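Please open the structure in your viewer and keep the selection tool at hand.

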Amino acid sequence: MTATVESQRSKALKRAGLTALTFLLMVVMCVPGLWVVLSAFRPNAEILAKPPVWIPQNPTFDNFRKIFGLGTDQVAIPVGSYFMNSLIIALTSTAIALMIGMAGGYAFARYRFRGKGGIFLGLMLFRAVPGIALSLPVFIIWSKMGIIDTKLGLIIVYVSLNVPFTIWLIDGFFRQIPLSLSEAAQVDGCTRWQAYWKIEFPLARSGIAAAGVFAFLTSWNEFALASQLTRSTTSKTLPVGLLDFTAQFTIDWAGMCAMAVIIIVPALILTFLVQKHLIAGLTFGGVKG
Amino acid sequence: MAEITLDKVVKKYGGLDVVHGIDLQIAHEEFVVLVGPSGCGKSTTLRMIAGLEDISGGLVKIGDRVVNDLPPRKRNISMVFQNYALYPHMNVRENLGFGLKIAGEATASIVKRVDEAAEILGLTPLLDRTPAELSGGQRQRVAMGRAIVRRPDVFLFDEPLSNLDAKLRGQMRAEIKKLHQKVRTTVVYVTHDQVEAMTLADRIVVMRDGRIEQVGSPMDVFNHPRTTFVATFIGSPPMNLLPATISGGAVRLADGTAVPIPDRLSDRVHEGRRVTLGIRPDDISPVGHGLSQDGPGAEVEMEVELAEPLGMESLIYTRLAGQEVQAKLYGPRLVQPGERLSFRMALDRAHLFDAETGRSVRED
Ligand SMILES: Nc1ncnc2c1ncn2[C@@H]1O[C@H](COP(=O)(O)OP(=O)(O)OP(=O)(O)O)[C@@H](O)[C@H]1O
Ligand SMILES: [Mg+2]
């Protein structure tokens, strides 16, 4: 009797300890982000204050007003263009990477073909190479082709960066779907194409959504390659735009933080929107078990 | 009309032949069961009929169409898969109606036909559930409903009951049989369970290593197995097989025990031929506790090694000529291990197979 109470107590203690640890880790992870967000709403002086001021004393939207060039002396940063560039580049490259990923992932999951293992391994190895290591050759080729400082140039880079990952992820999801579902649909009167769209695609949808989110975030946040391949408002993306706040001798932390918030918010919103899909997993009740 | 014809059908995977030229005629509305041990090519054969597997050689005909190059959807068949393959993202109603919807049926008629099929299979209260919310037996029923709703020419079943527990399996077996009596259609049914084969089939096709070993009605296959393989595969417990030689006008077992040659086989064997004597456990019983007391027989004394009482009968393990032999005792009498009893073999139902080829001597 006492023994079980004891063990229950120690269990509860353990759980509390784990929760505390998790919370601590979360705090450590979140603090920098929180600092950035808080700093977006206060003047530069307060950011640099020692000892640090945590809660903004005079919360203000000035930083945002400044970067949009609204009624102050600050030189406006073309945030609007950057935002549109980022959006166009990230969405387009994600859409293309997803289409290739769906076709490729399906092929890897369902068909046998010559060199399958080799190609798959090659894709994964390509993932292992840091993109920045390829930046010089990419830069040279892109400039020969005349697509430096174009959205197209970045889109191509991001598509190739994302395709291995989307293929890998989507392949895994299609593999989980029993082949017999597609076969049952074909017996039921579907062409292979119809079976794909009516049965297999809806079941892999969560996985495809997840792959899409990851691809979008990769493109949306990428800085290293974009900083080399873009020059002007025609193609500069938001992360590259952050550098506009560094002058020779000063860094406008407040403006930078405000812009960082502008970058973070859409990414957060997107992740929240699809989190159901990300977590949901798949229910395969139609198959045994 | 949907008879099915397999004409020298071959399946190769790369260099590996898994089905070696099968010939089979299945009549309109016939219930044919393909049975055989694991890996013998039953599923492959069924899937070639369905169009889910390319045919490497030979012809498959459904009705009078050669269907070798037709995709599944053009063969007017339906299939019940071993794992049911219900669409997890659709409820039961949508699962049942899917084929009709694809075929472009009017909504009203889909509803009507789905309701009919649900009625037949007792699925009406479950129509709004998803497959994940069903029990194994209910899923099984939905899978069958999906097959009958389209009124195909041919039903194909691939081990549909193997995921169910023994009791439910027996129940569903009976339901499939009833279903076939209601919805008369040509059926090809794959199983490795000989009880399913015996109870369901109009005709059994016993397969082994990609070949057909024997085709016939359940009773025919049971009473006249053409090979030792069929003899041991059909019937439970399996037929006892005892090596023997024909000598001095009798079947002489390894230890010298002489058993008279069964009358109907006496002109099939000659002196000195090496044979295998086959006799089912039901046909060896302690004297006075067998199925029949008259007719030609032979008596041997054997010691009981183990007895499994099954209520009104017992299965007895004993030993004859150095071989384990299973015998049946009919009646509620209990026997003990070590007991020596006189057993009677009913020779009118005994079999002789050639020792080398394993083929019944009736076949020569
Ligand atoms: N894709 C494949 N590639 C190579 N060999 C295969 C393939 N599919 C099946 N086989 C082989 O073909 C043979 C027949 O397989 P099949 O699935 O028809 O057996 P089965 O009689 O249905 O057995 P079970 O009772 O286990 O389902 C097996 O030996 C199997 O190993
Ligand atoms: Mg099989």
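**First stop: a buried strand residue**

Select B:I316, which counts as buried, at 0% relative accessibility. Buried means under 20% relative accessible area, exposed means over 50%, and partly exposed lies in between, with a 1.4 Å probe and protein chains only. Accessible areas come from the Shrake-Rupley method with a 1.4 Å probe, and for residues only the protein chains shown count as cover. B:I316 belongs to strand β17 (residues 313-320) of chain B. Helices (H or I, at least four residues) and strands (E, at least two) are DSSP runs, numbered from the N terminus.

The model is predicted: local features need pLDDT of at least 70, side-chain atom pairs count only at pLDDT 80 or more, and totals for chains, interfaces and linings use all residues. Residues are numbered from 1 along each chain as its sequence is written, chains are lettered from A and ligands numbered from 1 in the order in which they are written, and side-chain values use heavy atoms, with hydrogens and water left out.

**Second stop: chain B as a whole**

Chain B has 8 helices and 20 strands. Its C-alpha trace spans about 75 × 45 × 35 Å along the principal axes. Of its 364 residues, 52% count as buried.

Which residues surround ligand 1? They are A:R112, B:Y13, B:V18, B:S38, B:G39, B:C40, B:G41, B:K42, B:S43, B:T44, B:E159 and B:H192. Because residues from chains A and B surround ligand 1, the site is shared between chains.

The shell divides into 3 nonpolar, 6 polar and 3 charged residues. In this grouping, Ala, Val, Leu, Ile, Met, Phe, Trp, Tyr, Cys and Pro count as nonpolar, Asp, Glu, Lys and Arg as charged, and the others, Gly among them, as polar.

Next, examine the polar contacts. A polar contact is a pair of N or O atoms within 3.5 Å; within protein, one must be able to donate a hydrogen and the other to accept it, and residues adjacent in sequence count only if both atoms are side-chain atoms. From chain A, an N or O atom in the side chain of A:R112 is 3.4 Å from a nitrogen atom of ligand 1. From chain B, a polar side-chain atom of B:Y13 is 3.3 Å from a nitrogen atom of the ligand, and a polar backbone atom of B:G39 is 2.8 Å from an oxygen atom of the ligand. Taken alone, ligand 1 exposes 630 Å², of which the protein buries 62%.

Select residues 42-50 of chain B, helix α1, which gives the most to the shell around ligand 1, with 3 residues. Is this helix enclosed or exposed? Since 8 of its 9 residues are buried, α1(B) is largely enclosed by the rest of the structure. The buried residues are B:K42, B:T44, B:T45, B:L46, B:R47, B:M48, B:I49 and B:A50. Just after the helix, B:G51 takes a positive phi of about 90°.

Select residues 107-121 of chain B, helix α3, which has 15 residues. From first C-alpha to last, α3(B) reaches 21 Å, close to the 21 Å expected at 1.5 Å a residue; the expected span is 1.5 Å times one less than the number of residues. Its buried residues are B:I110, B:R113, B:V114, B:A117, B:A118 and B:L121. Seen down the helix axis, these buried residues fall within an arc of 140°, so they line one face of α3(B). The arc is that of the directions from the helix axis to the C-beta atoms. The face turned away from the buried side carries the exposed residues B:A108, B:K112 and B:E119.

A polar atom of the side chain of B:R113 lies 3.0 Å from the backbone oxygen of B:V149.

**Last stop: backbone details**

Select B:P237, in the loop between α8 (228-233) and β11 (240-247) of chain B. The peptide bond from B:S236 to B:P237 is cis, with omega near -5°. Then select B:K8 in strand β1 (residues 4-13) of chain B; B:K8 has a positive phi of about 50° although it is not a glycine.

Key
A residue is near a molecule or strand if one of its heavy atoms lies within 4 Å of it.
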